Amino acid sequence: DEDGNALPLGEKGEIVVKGENVMMGYWKNEKATNETVKDGWLYTGDLGYMDKDGFLYVLGRFKSLLISSDGEKYSPEGIEEALVQQTAAVEQVVLYNNQKPYTVALIVPSREAIKRSLTAMGIDFNSQEAAEAAITFVNNELAKFKSGGEFEGMFPDRWLPATFALLGEPFTEQNGMVNSTMKVVRGKVEKAYSDRIDGLYTPEGKNIFNQANVIVAKEILGAG
């Protein structure tokens with residue numbers, strides 16, 4: 001658990017390992033070593049649990065757990081991966097919940113998928129309805145994972161985003177939001193878009209057709 005105590009079978013916690021395969025530490029980095037290797041145990045940063053048959057289940061990153069307002073903890077990685085892989089609308093996504101009443105998402109949408117969708121519906125990119133149609137398309141893709149959707153039951157509804165912020169810029173190494181292994185640096189994304197996150201917990205922001213989303217949708221469509 002968070003205090004370093006061993007957990008019983010079936011209970012989720014951080015995966016730690018010990019043995020001759022464990023490194024002695026990081027080269028010339030005592031601080032990182034002390035944070036990672038404690039009493040010979042390597043703290044992996046991964047979340048998991050052991051079942052009664054001795055199988056280890058890896059659920060995601062322990063340090064990136066989201067926490068709902070009732071204290072429930074859950075890993076966002078599997079959900080984020082599914083949203084990217086199973087929807088046409090989402091190119092990149094970061095979920096957020098830090099003891100809030102609902103989960104929100106920062107979404108880098110697929111510009112091509114949005115344009116294809118609107119073209120198929122015969123909607124002019126410069127029309128009054130275009131931005132709303134683009135936002136609706138993204139929302140409908142997310143709804144595939146909710147009650148009644150194609151992927152219903154894959155994740156609890158309460159873990160899925162209740163609303164989202166569309167972002168006009170992708171997460172890249174150049175802007176520091178993706179590391180050298182192409183993993184999104186969650187903390188940097190949250191810091192860069194803290195205002196958007198805060199806005200999603202306001203009445204206006206919870207409405208997916210909020211002004212910030214409309215502005216991004218128009219930019220994606222090249223509309224004025």
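## Basis

This is a predicted model, in which local features need pLDDT of at least 70, side-chain atom pairs count only at pLDDT 80 or more, and totals for chains, interfaces and linings use all residues. Residues are numbered from 1 along each chain as its sequence is written, and side-chain values use heavy atoms, with hydrogens and water left out.

Helices (H or I, at least four residues) and strands (E, at least two) are DSSP runs, numbered from the N terminus.

## The β7-β9-β10 sheet

Three strands form an open sheet in the order β7-β9-β10, with mixed pairing; two strands pair if DSSP finds at least two bridges between them. β7 and β10 are the edge strands, each pairing on one side only. From one strand to the next the twist averages 30°.

Strand β7 (residues 90–96) runs antiparallel to β9, and six bridges join them. In this pairing Gln-92 is opposite Val-108, and Leu-95 is opposite Ala-105. On the other pairing, β9 and strand β10 (residues 161–166) run parallel and are joined by five bridges, with Leu-166 as the bridge partner of Ile-107.

Strand β9 (residues 103–109) is largely enclosed by the rest of the structure, because seven of its seven residues are buried (buried means under 20% relative accessible area, exposed over 50%, partly exposed in between, with a 1.4 Å probe and protein chains only). In a regular strand the side chains alternate between the two faces of the sheet. In β9, Thr-103, Ala-105, Ile-107 and Pro-109 point one way, while Val-104, Leu-106 and Val-108 point the other way.

## The β6-β5-β8 sheet

Another open sheet of three strands has the order β6-β5-β8, again with mixed pairing. Its edge strands are β6 (73–74) and β8 (98–100), each of which pairs on one side only. Strand β5 (residues 66–68) is joined to β6 by two bridges and the two run antiparallel; Leu-66 stands opposite Tyr-74 there.

## Nonpolar cores

A nonpolar core is a set of buried Ala, Val, Leu, Ile, Met, Phe, Trp, Tyr and Cys residues joined through side-chain atoms within 4.5 Å. The largest has 36 residues, of which Ile-107, Ile-114, Leu-118 and Phe-164 touch the most other members. Two or more residues each come from α2, β7, β9, α3 (111–120), α4 (130–142), β10 and α8 (211–221). Helix α4 gives the most, with eight residues. A second, separate core of 16 residues includes Tyr-102, Ala-165, Val-189 and Leu-200.

Beyond its neighbours within four places in sequence, Ile-114 is in contact (heavy atoms within 4.5 Å) with Pro-109, Ala-134, Phe-137, Val-138, Ile-220 and Leu-221.

## Helices α4 and α8

The axes of α4 and α8 come within 9 Å and cross at roughly 100°. Axes are lines fitted to C-alpha atoms, for helices over the stretch in contact, and angles run from 0 to 180 degrees between N-to-C directions. Ala-130, Ala-131, Ala-134 and Ile-135 of α4 meet Asn-213, Val-214, Ala-217, Lys-218 and Leu-221 of α8.

## Glu-80

Glu-80 lies in helix α2 (residues 77–86) and is buried, with a relative accessible area of 9%. Its side chain makes a polar contact with the side chain of Arg-186 (2.9 Å). A polar contact is a pair of N or O atoms within 3.5 Å; within protein, one must be able to donate a hydrogen and the other to accept it, and residues adjacent in sequence count only if both atoms are side-chain atoms. Not counting residues up to four places away in sequence, Glu-80 touches Val-93, Val-94, Leu-95 and Arg-186.
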